[in-house]
Amino acid sequence: PLLHKNIWIGRPRSIFRNWLRNWQPAICSKFHSTFAVRGAGLASKFALLGMKILYDGYIYRLQKTGGINRYFQEIISRLPGECRPTVYTSTKPAFQTLEHKNLRFVPKPPMARWLARPIRWLAGKFDLFHPTYYHLTEPLDWSVIRGPVVLTVYDFVFSKYADRYSRTEKLLVAQREAIQRADVLLCISNSTEADLLERFPE
């Protein structure tokens, strides 16, 4: 993977490991966390002790299986054992099971808008936020996410060919808001990185 202005491109299994390596000093400074480095080279494993990571599982509402589902399956299953990942979702993954010894699912309550305050309060207690898509599961919104945000950018198909798709306006707005809020962007390819830099040169 290559790093370009906080943008990572590369294969899912190595993206998160390399992200931790590059951002180790910044995260340690902000959260007073401890990294344990074991081994060396590409085989190194980084253990961020007790890091609480919140994943918004909006993508599972859109599809039961697919490339994005597999992407997060790989990332979550390869997190250091000391991490504590949580998936907040309205639809639990069906076919491609997410696996991690500390993984827990927090289902969206039936009347989420009436429980917005406690849900948003809980979201603010995590050290890192990584949404599975550009939209967020109700009642979460970007104003309540206080910690660092990692966002994966998949492509700009709907932006490039907006005239060929219906109801793309909300998606494009959500994508733009997510990209502008993110602290670190993960691009799945060089093509996606080029499109991102073209549309968001800053």
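The following legends describe close-up views of a predicted model.

**View 1. The aromatic pair of Tyr71 and Phe72.** The structure holds 7 aromatic pairs. Tyr71 is buried, its relative accessible area being 6%. Phe72 is also buried, with a relative accessible area of 0%.

**View 2. The aromatic pair of Tyr133 and Tyr134.** The rings of Tyr133 and Tyr134 form a tilted pair, in which the centres are 4.9 Å apart and the planes make an angle of 40°. Tyr133 counts as buried at 12% relative accessibility. Tyr134, with a relative accessible area of 4%, is likewise buried.

**View 3. The aromatic cluster.** Tyr71 and Phe72 belong to one aromatic cluster together with Tyr133 and Tyr134. Tyr55 and Tyr154 are also members of this cluster.

**View 4. Helix H7 and its buried face.** Helix H7 spans residues 190-199. Within the helix, Thr192, Glu193, Asp195 and Leu196 are buried. Viewed down the axis of H7, these buried residues fall within an arc of 165°, so they line one face of the helix. An α-helix has 3.6 residues a turn, so residues three or four places apart point the same way.

**View 5. The other side of helix H7.** Asn190 and Glu198 lie on the other side of H7, where both are exposed.

Note on methods:
Residues are numbered from 1 along each chain as its sequence is written. This is a predicted model: local features need pLDDT of at least 70, side-chain atom pairs count only at pLDDT 80 or more; totals for chains, interfaces and linings use all residues. Side-chain values use heavy atoms; hydrogens and water are left out. Rings of Phe, Tyr and Trp (its six-membered ring) pair if their centres lie within 6.5 Å; planes under 30 degrees apart count as stacked, over 60 as edge-to-face and the rest as tilted. Buried means under 20% relative accessible area, exposed over 50%, partly exposed in between (1.4 Å probe, protein chains only). Helices (H or I, at least four residues) and strands (E, at least two) are DSSP runs, numbered from the N terminus. The arc is that of the directions from the helix axis to the C-beta atoms.
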